[in-house]
Amino acid sequence: MASNQLQLVIITGMSGAGKTVAMQSLEDLGYFCVDNLPPSLLPKFWELMKESGKMNKIALVMDLRSRDFFDSIDSALDDLDNTSFITTKILFLEADDQVLVSRYKESRRHHPLEPNGSVLEGIRSERELFKRFERPCATRY
């Protein structure tokens, strides 16, 4: 890898699927990590990282906690595709509905999209929003 080449991992996916644990694991591997970065800030963020020259491995958690996620993620990813100094990988995490419901019950947290207190309805709404990003994938883990 060239010294000016940045490695970027964008961690996203279903709420409750383990994005924080994935971010902590990448941090242990030497990645500079930022949680809950709004996609609209991504172009400025990677410009600053390139200019600093101090970090070449970066992991960002980007999800629907950022209210503009679904409105701005497409253009942010298009900008990254057209950037020669950055290698981007997207880590999309998900889990079965039953697993997600169980995690929310254990943590007693509310799903960000749950209408009227129904975790399962929030999970279903989130899956529906993510459908617009479905693309064929060569490898699934």
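Helices (H or I, at least four residues) and strands (E, at least two) are DSSP runs, numbered from the N terminus. This is a predicted model, in which local features need pLDDT of at least 70 and side-chain atom pairs count only at pLDDT 80 or more, while totals for chains, interfaces and linings use all residues. Residues are numbered from 1 along each chain as its sequence is written, and side-chain values use heavy atoms, with hydrogens and water left out.

**View 1. The helix α1 and its end.** Lys19, Ala22, Met23 and Leu26 of α1 are buried, that is, under 20% relative accessible area, where exposed is over 50% and partly exposed lies in between (1.4 Å probe, protein chains only). Seen down the axis of α1, these buried residues fall within an arc of 100°, so they line one face of the helix; the arc is that of the directions from the helix axis to the C-beta atoms. The face turned away from the buried side of α1 carries the exposed residues Val21 and Asp28. Just after α1, Gly30 takes a positive phi of about 95°.

**View 2. The largest nonpolar core.** A nonpolar core is a set of buried Ala, Val, Leu, Ile, Met, Phe, Trp, Tyr and Cys residues joined through side-chain atoms within 4.5 Å. The largest one has 19 residues, and Ile11 and Ala59 have the most contacts inside it. At least two residues of this core come from each of β1 (6–13), α1 (19–28), β3 (57–61), α4 (97–107) and α5 (119–130).

**View 3. The second core.** A separate core of 13 residues includes Leu6, Trp46, Leu60 and Met62.
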